[in-house]
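Hi,

Here is the model I said I would pass on. Have a look at it first, and then read my notes below.

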Amino acid sequence: MYVDVILPLALPENLTYSVPAELIEDIEIGCSVVVFVQNKMYSAIVQKLYEDEPKPFTVKPIISLIDKKPTVNRRQLDFWTWIAEYYMCAVGEVMNVALPGRLKLQSKTHFSVSDCNVDVTEREAELYSIIEQNKKITLQQIVKKSGRKTIIPILKTMLEKEIICVDENIEIKYKPKIKTFVKLSRTIKNEDELNEKINSLKRAKTQEKLLLYYLSLSENIDFANPVKIPKTLLLAKSKTSLPVLNSCIEKQIFETENVETSRIETENIETNALHKLTVAQQNAFDEINKIFETKNTVLLHGVTSSGKTEIYFKLIENQLQQGKQVLFLLPEIAITQQLLVRLKKVFGNKVGLYHSKYSENERVEVYNNVLGIKTFQQQYSIITGVRSALFLPFSNLGLIIVDEEHDTSYKQHDVPPLYNARDAAIVLAQIHGAKTLLGSATPSIESFYNSKTDKYGLVKLNERFGNVQLPKAETVSILRSFAKNQMNGHFTKQLLDVMFTALINKEQIILFQNRRGFAPYLQCDDCGEIPHCQRCNVSLTYHKNKNALHCHYCGYSVALYQKCKNCGSEKLNKKGFGTEKIEDEIKTIFPKARTAIFDADSMRTREAYVKTIAAFENHEIDILTGTQMISKGLDFDNVSVVGILNADNMLNFSDFRAHERAFQLMTQVGGRAGRREKIGRVIIQTYNPENRTIRDIVDNNYENLFARQIAERKDFCYPPFYRLINITVKHKNIHILNQTAQKIADYMKPFLGEYVLGPESPAIDKIRNEFISSILLKINKTISLVQTKKMLQQCILHLQTEPALKQSKIQIDVDP
């Protein structure tokens, strides 16, 4: 028997291995196996089983089978294949993001000395001594101990001389959590024997105290099945120490038992019944179910605070009654915790959470729970999480809910596959025969167009829950405020007045500024010099909390300059403003107000998210300043004012989606205000109050924005009328970069003509010492997308045959 396996590597095709006779009965599609690839061991997933011998080459055998039960089911494999084909990447790259890190194994190379006696050089002797002292040592450890970076050629020579040898060892990364419990010793079989033990401890008071405390926790002692108490809890509550417990174990009073437990805490939650839907919600719910009879995807367009979540919950309840699973996708980790609490109040421990802020071991536990193996608690019927949750091993999926479907966070931007979770969710639902519900107060232009052209169903919810009024939005001219000398820092008089009133009334305020840090850049007043990153072609952002200049692209950091590096002047000015600068000004204007920042810098850990959201919910923070993270689905009942500090930054961005995204961001963040009885206020500071998009935001007129945007996109050949593929080329040598990019453009032009745009240098044309060039392909719906992709792949394969160009990094982004 032979197998084709998927490896977590960017390989052009799967590799084939033979199956040893002893494994034939146990191996299945989806099983995890260990194989050799170029002298290294990896775990791989079996995608295909067959008996015909592959020709004309011989194949290596599988080394071992990791688990007899499949790690990945067939629907997952179908989904991985679709992702790889549509987004033009290797299926191994999909595997890399789909599986938790601890389920992907890779051997470590260890060096050790041999008994061979030959002449060695001084450098070889030095490395030999380091390896000999450590018996088995990795390459990274040798580099660290030797202080040399270029040691691979020396080690290669030593291997050829057989002075040293190499071992490949694979280790299981996932380690279950073990909890130690204490119970009465099995030697104590009745009450008389127990009393004997108590009497024997009259002189050992702390041991007696420990035993009596244990007994106090057990009302009726079952000697055949004694109560188990966690060791740490018993020692803490009895105020005794580990040596005391060990003495009791030696005297056969206690014994311990190690139990494999979950890292994810399970609470005993008293669940509540679902709230009764309002008339508007019930109508929307009925309409969604009716459309689901004929269509697989429905767009729920409901204004902010219209109660979309209650409709989601009712749909989830229906699916659970049918024994189905539900996936509830959210765009940001920041809002998963708030939703998890709400879901658990209704559905209890049927709800699981999955995202990258979980530890690797926690993610494995959730994965195994959904797979139905090694579960420590009830199997999850509902999973909530961000885009990575799409790759969990669902077996009976009935519904996928994509909340805030317009959000750009659903698109993977950094490493392949560069997939859009919203679009991938629709395909995943089709694979499972499930339904997809897209929800948003500000749908993406593409989704709304699909609903207008009858590809998706459309349900509208135009009133807020409880007949609460939409917030009153108004614009304030920054230009006029400067002319009248009414600016205080970056705040207009109108914004400060409503903030002052809100604080007097014990109400909360959200301030939105879509830039983190204190100031976007530093500039010398004398020569105009702006400090730039050494590795990227971008200015450094000043962060006051660290008193340093940071690059947001590569992580480069340097202490704040006291003098200009170009002319030596001390006149260095901080230009622009970010979230830190806004909070700094607030503390000066409202010294008694309690403030916090909610952005990517301040919310780096799961604990930081939970702590800040909880503090704001409990009214321990008066003013919360944040970036776009603050606009996404958070529900706070005491926010009466939202201030948008500079609307123009979002509008004046070189992207065909700039006005759409500005509308979405400002409408969403404005929707955080006035979510209960009182009408909220949204103050939009801008240099251009008459801008049409800003007027649409003030009037809450999405249809007007859509009509204008769809007309522009049709005229200028953008989605949804044309498909886009963006090709990014990177190389450290700018001449090789330009050659490679030009060859790609020249190759595609005979097929697409004027719809090949570029190559062009992007706004930031150098990141991490690599120069960047971009080519944009616009593909008419009348042209085959599959054929275009084939041509592009042929072009890239051809480039890899040219020695001078094959080192160029080429990244393809379908639907950028």
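I started with the open sheet: it has 5 strands in the order E2-E1-E4-E3-E5, and the pairing is antiparallel. Its edges are strand E2 (15–18) and strand E5 (64–65), each of which pairs on one side only. Do keep in mind that this is a predicted model.

Going through the pairs in that sheet, strand E1 (residues 2–6) and strand E4 (residues 40–50) run antiparallel and share 5 bridges. If you want a spot to check, valine 3 has leucine 49 as its bridge partner in E4. E3 and E4 are joined by 6 bridges, again antiparallel, and here valine 35 stands opposite tyrosine 42. These two strands make a hairpin with 2 residues between them, where glutamine 38 takes a positive phi near 50 degrees. On the E5 side, strand E3 (residues 32–37) pairs in the antiparallel sense over 2 bridges, with valine 34 facing serine 64.

Now the whole chain. The protein has 25 helices and 34 strands. Its radius of gyration is 31 Å, close to the 28 Å that the globule rule gives for 816 residues, so the protein is as compact as a globular protein of that length. The C-alpha trace spans about 90 × 70 × 70 Å along the principal axes. Buried residues make up 51% of the 816. Of the contacts with a separation of 6 or more, 75% are between residues 24 or more positions apart.

As for the surface, the accessible area comes to about 39,600 Å², and carbon and sulfur atoms account for 47% of it. There are 107 positive and 93 negative charges, and their mean positions are 3 Å apart.

Which residues does valine 814 touch, leaving aside its neighbours within four places in sequence? They are Tyr86, Tyr87, Met88, Lys411, Leu418, Leu724, Ile725 and Lys789. Valine 814 sits in strand E34 (residues 809–814) and is buried, with a relative accessible area of 1%. Its C-alpha atom is 26 Å from that of phenylalanine 394, which is 420 residues away along the chain.

Methionine 88 belongs to the loop between helix H1 (74–86) and helix H2 (91–98), and it counts as buried because its relative accessible area is 11%, under the 20% cut-off.

Asparagine 547 is another non-glycine residue with a positive phi, near 50 degrees. It lies in the loop between E22 and strand E23 (548–550). Is asparagine 547 buried or partly exposed? At 39% relative accessibility, it counts as partly exposed.

You will also want to look at two cis peptide bonds. One runs from proline 416 to proline 417, with omega near 0 degrees, and proline 417 is in the loop between strand E16 (397–403) and helix H14 (421–432). Another runs from proline 719 to proline 720, with omega near 10 degrees; proline 720 is in the loop between helix H23 (702–715) and strand E30 (722–731).

Then a few helices. In helix H18 (residues 579–589), the buried residues are Thr579, Glu580, Ile582, Glu583, Glu585 and Ile586. Their cover includes strand E20 (508–512), strand E22 (541–543), strand E26 (595–598) and strand E27 (623–626).

Helix H19 (residues 606–617) holds isoleucine 613, which is buried at a relative accessible area of 6%. Beyond its neighbours within four places in sequence, isoleucine 613 is in contact with Ala334, Gln338, Phe598, Leu634 and Phe636. Its C-alpha atom and that of proline 443, 170 residues apart along the chain, are separated by 25 Å.

Finally, glutamate 208 is found in helix H7 (residues 205–216). This glutamate counts as buried, at 10% relative accessibility. Apart from neighbours within four places in sequence, glutamate 208 contacts Ile198, Leu201 and Lys202.

That's everything from my side. Over to you!

Note on methods. Residues numbered from 1 in each chain as written. Predicted model: local features only at pLDDT ≥ 70, side-chain atom pairs only at ≥ 80, totals over all residues. Heavy atoms only, no water. Helix = DSSP H or I, 4+ residues; strand = E, 2+ residues; numbered from the N terminus. Buried < 20%, exposed > 50% of the residue type's maximum accessible area, 1.4 Å probe, protein only. Contact = heavy atoms within 4.5 Å. Rg over C-alpha atoms; globule rule 2.2 N^0.38 Å. Areas by Shrake-Rupley, 256 points an atom, 1.4 Å probe, with all protein chains shown as cover. Lys, Arg positive; Asp, Glu negative; His and termini not counted. Charge placed at Lys NZ, Arg CZ, Asp CG, Glu CD. Pairing = 2+ DSSP bridges.
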